[in-house]
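Me: I am new to this structure. Please take me through it in short questions and answers.

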Amino acid sequence: MSWRSDRIWIELIAGSRKLSNFCWAVILFLGSLGFLLVGTSSYLGKNFIPLFPPQQIIFFPQGLVMSFYGLAGLFFSSYLWCTISWNVGSGYDRFDLKEGIVCIFRWGFPGKNRRIFLRFLMKDIQSIRIEVKEGIYARRVLYMEIKGQGSIPLTRTDENLTLREIEQKAAELAFFLRVPIEVF
């Protein structure tokens with residue numbers, strides 16, 4: 001999702017509020033809750049889940065291990081729900097030809113560095129770099145090379161852009177910024 005004019009280009013970056021993250025958080029929560037209920041019912045001897053009578057699962061070691069897995073799953077699930085509610089990773093990239101600056105903003109985890117804001121002069125941009133790694137875990141990432149600062153990623157590593165899409169995006173951005181493209 002982006003917005004462009006002759007002098008300003010704003011690229012909105014989606015954070016962790018994605019359907020896949022919601023699905024994983026719900027699945028992990030329900031599964032860990034089931035493990036915890038089975039482990040607790042084996043300890044108390046009460047039937048919390050109708051499919052598993054508490055007499056079939058003895059507390060030590062089965063019920064204890066299931067309770068541990070249930071608690072661990074609840075911690076991971078709460079971590080996912082927190083990243084979703086804080087929308088970690090969302091933000092924007094703003095390229096302003098009029099002012100000659102590039103602003104990169106991302107939301108992080110709560111705390112001192114919750115807001116990540118980077119600002120560069122356009123004259124310091126050396127190039128736009130495409131990094132392509134094919135194979136089982138294909139990875140296509142777009143970077144902006146800054147003099148003395150290194151590489152700044154402009155796309156998320158989990159964004160599954162096709163080779164054509166990332167080339168098009170790199171070509172449009174390089175043309176807008178009037179810088180060359182490098183391919184690695």
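Me: In which helix is the place of Pro-61?
Reply: This is a predicted model. Most peptide bonds are trans. The place of Pro-61 is in helix H2.

Me: Is Phe-68 buried or exposed?
Reply: Phe-68 has its place in helix H2. Its relative accessibility is 55%. Buried would need a value under 20%, and exposed a value over 50%. Therefore Phe-68 counts as exposed.

Me: Which way does H1 run relative to H2, roughly parallel or roughly antiparallel?
Reply: H1 covers residues 19-44 and H2 covers residues 59-86. Their axes come within 7 Å and cross at roughly 155°. Angles over 145 degrees count as roughly antiparallel. So H1 is, relative to H2, roughly antiparallel.

Me: How many residues of the contact of H1 with H2 are nonpolar?
Reply: H1 passes H2 in a left-handed crossing. The contact of H1 with H2 has no charged residues and ten polar ones. Its nonpolar residues number 20.

Me: How far apart in space are Phe-76 and Gly-89, C-alpha to C-alpha?
Reply: Phe-76 lies in helix H2. At 55% relative accessibility, Phe-76 counts as exposed. Phe-76 and Gly-89 are 13 residues apart in sequence. In space, C-alpha to C-alpha, the separation is 18 Å.

Me: Is Asn-87 buried or exposed?
Reply: Asn-87 is in the loop between H2 and strand S3 (91-96). It has a positive phi of about 55° although it is not a glycine. Its relative accessibility is 16%, so Asn-87 counts as buried.

Me: How far apart are the C-alpha centres of domain 1 and domain 2?
Reply: The domain assignment gives domain 1 as 20-86. Domain 2 is given as 89-183. Their C-alpha centres lie apart by 41 Å.

Me: Which element gives the most to the largest nonpolar core?
Reply: This core has 22 residues, and Phe-95, Ile-125, Ile-128, Met-144 and Leu-177 touch the most other members. Strands S4 (101-107), S6 (125-133) and S7 (139-146) and helix H3 (163-177) each supply at least two residues. With six residues, the element that gives the most is H3.

Me: Is Arg-178 buried or exposed?
Reply: Arg-178 has its place in the loop between H3 and strand S9 (181-183). Phi of Arg-178 is near 60°, a positive value in a residue other than glycine. At 67% relative accessibility, Arg-178 counts as exposed.

How values were computed. Residues numbered from 1 in each chain as written. Predicted model: local features only at pLDDT ≥ 70, side-chain atom pairs only at ≥ 80, totals over all residues. Heavy atoms only, no water. Domains from an automatic or database assignment. Axes fitted to C-alpha atoms, helices over the stretch in contact; angles between N-to-C directions. Helix = DSSP H or I, 4+ residues; strand = E, 2+ residues; numbered from the N terminus. Parallel < 35°, antiparallel > 145°, perpendicular 65-115°, else oblique. Left-handed = near helix turned anticlockwise from the far one by under 90°. Nonpolar A, V, L, I, M, F, W, Y, C, P; charged D, E, K, R; others polar. Buried < 20%, exposed > 50% of the residue type's maximum accessible area, 1.4 Å probe, protein only. Core = buried A, V, L, I, M, F, W, Y, C linked by side-chain atoms within 4.5 Å.
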